[in-house]
Amino acid sequence: MRFEKTMDPIYIELIIQTVKVIVVFSGIMLLAAYVTLAERRFSAFIQDRMGPNRAGPQGLLQPFADFIKLIIKEDYTPEKVDRFVFKIAPAMILFPSLILFAVIPFGDKITLFGHTIKLQVANLDFGIIYILAISSLMVYGVVLGAWASNNKYSLFGGIRSSAQMISYEIPLGLSIIGILLITGSLRLDQVVVSQADYWFSVIPKWNVIRQPIAFFVFLIAAFAEANRLPFDLPEAEQELVGGYHTEYSSLRFSSYYLGEYIALITSSALITTLFFGGWHLPWIESIPMPDWLLQVLQVGSFGMKTIFFLFFFIWVRWTLPRFKFNQLMNIGWKVLLPVAIVNIFITGIFLAF
Amino acid sequence: MKRVRQEISLLDKLYIPAILKGMWVTIRHFFNFKSVTTEYPEIRTEVAPGYRGVHRLNLDEEGRLKCVACEMCATACPAKCIKIIPSREPYDENNKERYPLKFEINELRCIFCGFCEEACPEDSIELTRIYDLAAYTREEMIYDIDKLVEIYHKTKDDPNPFRVHKKSRY
């Protein structure tokens, strides 16, 4: 009797969801830690030097060493700050980046013990709007941190950063509308499934081919949203003036730092899902293979594409010089916005005829 | 004087070709480069023959300190890091010189200028080529006679063509 009750479908769903959440969360945190190491090593290779390679074999234990160092540092809260806001500001960057990952599909369905599990933590009906809404929350982390620091230089840096992030939200959203027109649905798994087709049975129908202008705009806007070079004025200001995380030390600083890298991972995952077919591995469905192998390869292809885009972010960071603030705003409003709107028109005309 | 602005084409104005060329340069460096990092401690930089590293106190053929506690090195030292307490009697009747009871060099204060080596009339204190001193406390870095003689034993055979041996001239 009791066995029957515990096998109630709602409990099974609960267990499946919990396991999915745990797997995705720990996966992202581990990946974010290793992206910090990858950034340091790859930037070192680009600059003709070795990066940190002492902490473990090839420096693989370096993120843990950094984390331990950051935790055991003194946690200093300056006197005249707004205490509550000071404490929650790092969470406002960490939290949205993590929950944004909930709608990203990293594989097709798998079947375990008779239950079909969709490899996506939350299949929301309004996935794309959810993405745009949550990514706007990340601005709060920056601006609250800057305000709470009670430091005019931090405030200045934070305001610049928030202006940059807000002005690039608009081309970000408008470029996604092109995809929306083609896909016809706001759900992200539909976006991936609609890219799983082929033209002439050879070329996969990825959105990067169907919407190249949107891809271009989204890529540049993603760089600006993640505060990465060439748009990294808020970070560079800490070399020059202040920056929104001047007054933060130890664990709070590590949350800011990790939050930035998690936002980077989320942007890469979004780019692969929206433009590069997500988990779709082309030309592989025709090869007969056991189902679980297909699923593993598809999840693996999602991972590979995301990692490629992370590498791309790192690669561009160490190639390009920084934009000046007026050039930055110029590009955001006078170049990307018209291009995104024109893209919507062109897509609309294409679809109508 | 009018400044002539060079006209650049539309494609150039977008900076896309320039960005792509830059990324090509970067990725070339990523895949083949010769690292300029010296991977210490497996590979150590070779220091010059006249390099001024940590001090040593020389011993003569019978194993006694050459130092006669004249305190010329302590006087010459700009950082005042040498402390000497001379003895009242010599080693024994055969040796008419006095010797230092306590000879301490505070390696943390030392600026490794080599004035003590230049000042010494007995060729007793010399600067070796050992540069990697490390310790966990400040007290460990105050080198007394035992440590300085230990360094002598380590670097006995290290030739230094720039060293001027004053005593061997007469």
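Is B:Ala69 buried or exposed in this predicted model? B:Ala69 is buried, with a relative accessible area of 0%, where buried denotes under 20% relative accessible area, exposed over 50%, and partly exposed in between (1.4 Å probe, protein chains only). The structure is a predicted model, in which local features need pLDDT of at least 70 and side-chain atom pairs count only at pLDDT 80 or more, whereas totals for chains, interfaces and linings use all residues. Residues are numbered from 1 along each chain as its sequence is written, chains are lettered from A and ligands numbered from 1 in the order in which they are written, and side-chain values use heavy atoms, with hydrogens and water left out.

Chain A contains 13 helices and four strands; here helices (H or I, at least four residues) and strands (E, at least two) are DSSP runs, numbered from the N terminus. Its radius of gyration is 22 Å, close to the 20 Å that the globule rule gives for 353 residues, so chain A is as compact as a globular protein of that length. The radius of gyration is taken over C-alpha atoms, and the globule rule is 2.2 Å times the number of residues to the power 0.38. Along the principal axes, the C-alpha atoms of chain A fill a box of roughly 60 × 60 × 45 Å. Of the 353 residues in chain A, 50% are buried. Contacts (heavy atoms within 4.5 Å) were also examined by their separation in sequence. Among those in chain A between residues at least 6 apart in sequence, 79% join residues at least 24 apart.

Chain A carries 26 positive and 24 negative charges, whose mean positions are 4 Å apart. In this count Lys and Arg are positive and Asp and Glu negative, while His and the chain ends are not counted; the place of a charge is taken as NZ of Lys, CZ of Arg, CG of Asp or CD of Glu. Within chain A, A:Gln295 is found in helix α12 (residues 291–317). A:Gln295 counts as buried, at 9% relative accessibility. When neighbours within four places in sequence are left aside, A:Gln295 is in contact with A:Asp108, A:Lys109 and A:Ile110.

Chain B comprises five helices and five strands, and from the N terminus on its elements run α-α-β-α-β-β-α-β-β-α. The radius of gyration of chain B is 28 Å, well over the 15 Å that the globule rule gives for 170 residues, so chain B is more spread out than a compact globule. Its C-alpha trace spans about 95 × 45 × 35 Å along the principal axes. Buried residues account for 32% of the 170 residues in chain B. Among its contacts between residues at least 6 apart in sequence, 71% join residues at least 24 apart. Chain B exposes about 12400 Å², of which carbon and sulfur atoms supply 55%. The centres of its 28 positive and 28 negative side chains lie 11 Å apart.

Several local features occur in the loops of chain B. In the loop between α2 (16–31) and β1 (55–57) lies B:Pro41, which is joined to B:Tyr40 by a cis peptide bond with omega of about 0°. The loop between β1 and α3 (72–76) holds B:Ala69, which has a positive phi of about 55° although it is not a glycine. B:Glu71 is placed in the loop between β1 and α3, and its phi is near 65°, a positive value in a residue other than glycine. B:Glu71 is partly exposed, with a relative accessible area of 29%.

B:Glu126 lies in strand β4 (residues 125–127) of chain B and counts as buried at 3% relative accessibility. The C-alpha atoms of B:Glu126 and B:His55 are separated by 5.5 Å, although the two are 71 residues apart along the chain. Not counting residues up to four places away in sequence, B:Glu126 touches several residues, including B:His55, B:Arg56, B:Glu117 and B:Arg163.

Between the two chains, 16 residues of chain A are in contact with 17 residues of chain B. The chains bury about 1500 Å² between them, 70% of it on carbon and sulfur atoms; buried area is the accessible area (1.4 Å probe) that two parts lose on being put together, summed over both. A:Asp48, A:Arg54 and A:Trp315 supply 37% of the area that chain A buries against chain B, more than any other three residues.

How values were computed. Accessible areas come from the Shrake-Rupley method with a 1.4 Å probe; for residues, only the protein chains shown count as cover.
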